[in-house]
Amino acid sequence: MGCRLEGAGSFKLKKVVCLMKIIDTHVTEVIRRTEHILSVRFAMPEDDVFQAGQFLGVTLFSGGAEFSRYLSYSNSPTEKGYIEVTKRLTESDFSQAMSKLRAGDVVRIKYPMGKFTLNEGRAKHAFLAGGIGITPVRSMWKWAFDQRLAMNMVLLYSNRSAEEIIFRDDFEDMVSRHKGYKLVLSLDSRVQCPLDWQGRCGYIDAAMIRQEIPDYDQRIFYVCGPIVMVKTMVDALKSELGVLEENIQRESISGY
Ligand SMILES: Cc1cc2nc3c(=O)[nH]c(=O)nc-3n(C[C@H](O)[C@H](O)[C@H](O)COP(=O)(O)OP(=O)(O)OC[C@H]3O[C@@H](n4cnc5c(N)ncnc54)[C@H](O)[C@@H]3O)c2cc1C
């Protein structure tokens, strides 16, 4: 069944109705983002729809065994005909199987899942992403940009090193073409910032949010990253900045 569009009028006015679906599909492209981060694209029926920010179950078949993980969509529904997932590779069997994928290989996907999606009724948005937690954020930004949604969006995006920043070109391109978009890159405190680094240094915290998002009390926050990072961010938003629970959406990327 998947998702379908219901209602009359333009694409923007239709309602997305999603029912979970399990299909076998195949790899169309493998994209090496960094030494440890890989994107894989799967063929997707043209009439299927998902919501930016959602995730799917991915099962890989390797050496007679099956390995499954949940991964977020890193593409937007406006980028049609394929699903893209982006994973940080570890020593796990799933990661090993993923790094061996080639065009034409069969994968099983269960989709779409999740409620970490844009609140399109709101005008001002703020995103706090750590590392691989950028995947659903990239999906949401690309959706809002391509759909020309009248939104003001700020992204604080933290990574261990400049080499690990994925989708930087995409975000910089969107920011350069939309005056309501702002991108702040930060290298977290486990590394010393390189001398030529133009962004922020340190973890995203309440002080950085106050400086970079002075109107934080008017925004809806989307927080995504490793479990500990999400908990720390949400605690800072609530206890130090007084952001209400109803203005915080979160997705924890388990396994790191
Ligand atoms: C809603 C949601 C969305 C998500 N979206 C994403 C996403 O977009 N991208 C993404 O990368 N992840 C995402 N995740 C996390 C993902 O599901 C995995 O948990 C994560 O990628 C880690 O999986 P893994 O197979 O690499 O490690 P796991 O098997 O979960 O292992 C965890 C750790 O143990 C180590 N380990 C495991 N097996 C071995 C072994 N045999 N030998 C040595 N060490 C081992 C690994 O190195 C790893 O560090 C998401 C999770 C959720 C719940």
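Biologist: What should I know about numbering and confidence before we start?

Modeller: Residues are numbered from 1 along each chain as its sequence is written. Because the model is predicted, local features need pLDDT of at least 70 and side-chain atom pairs count only at pLDDT 80 or more, while totals for chains, interfaces and linings use all residues.

Biologist: Which residues come nearest to the ligand?

Modeller: A residue is near a molecule if its C-beta atom, placed from the backbone, lies within 6 Å of it. Of the 21 residues around the ligand, Ser72, Thr90, Glu91, Ser92 and Gly255 come nearest. Two or more residues of the shell come from each of β6 (65-72), β7 (82-88), α1 (93-99) and β14 (248-253), and β6 gives the largest share, with 4 residues.

Biologist: Why is the ligand said to lie between domain 1 and domain 2?

Modeller: Domain 1 (3-113) and domain 2 (124-253), whose bounds come from an automatic or database domain assignment, both give residues to the shell, so the ligand lies between them.

Biologist: What makes strand β13 largely enclosed?

Modeller: A residue is buried if 20 or more other C-beta atoms lie within 10 Å of its own, exposed if 12 or fewer, and partly exposed in between, with C-beta atoms placed from the backbone. In β13 (residues 220-226), 5 of the 7 residues are buried, so the strand is largely enclosed by the rest of the structure.

Biologist: How do you know which strands β13 pairs with?

Modeller: Two strands pair if DSSP finds at least two bridges between them. Strand β9 (residues 124-130) is joined to β13 by 5 bridges, and β13 is joined to β14 by 6 bridges, in both cases running parallel. Ala126 stands opposite Phe221 in β13, and Cys224 stands opposite Glu251 in β14.

Biologist: What makes β12 and β14 the edges of the sheet?

Modeller: The open sheet has 6 strands in the order β12-β11-β10-β9-β13-β14, with parallel pairing. β12 (200-201) and β14 each have a single partner strand, so one side of each is left without a neighbour in the sheet.

Biologist: Why is α2 called mostly covered, and how does its span compare with the one expected?

Modeller: By the burial cut-off, 12 of the 13 residues of α2 are buried, among them Trp141 and Trp143. The expected span is 1.5 Å times one less than the number of residues; α2 (residues 134-146) reaches 18 Å from its first C-alpha to its last, close to the 18 Å expected.
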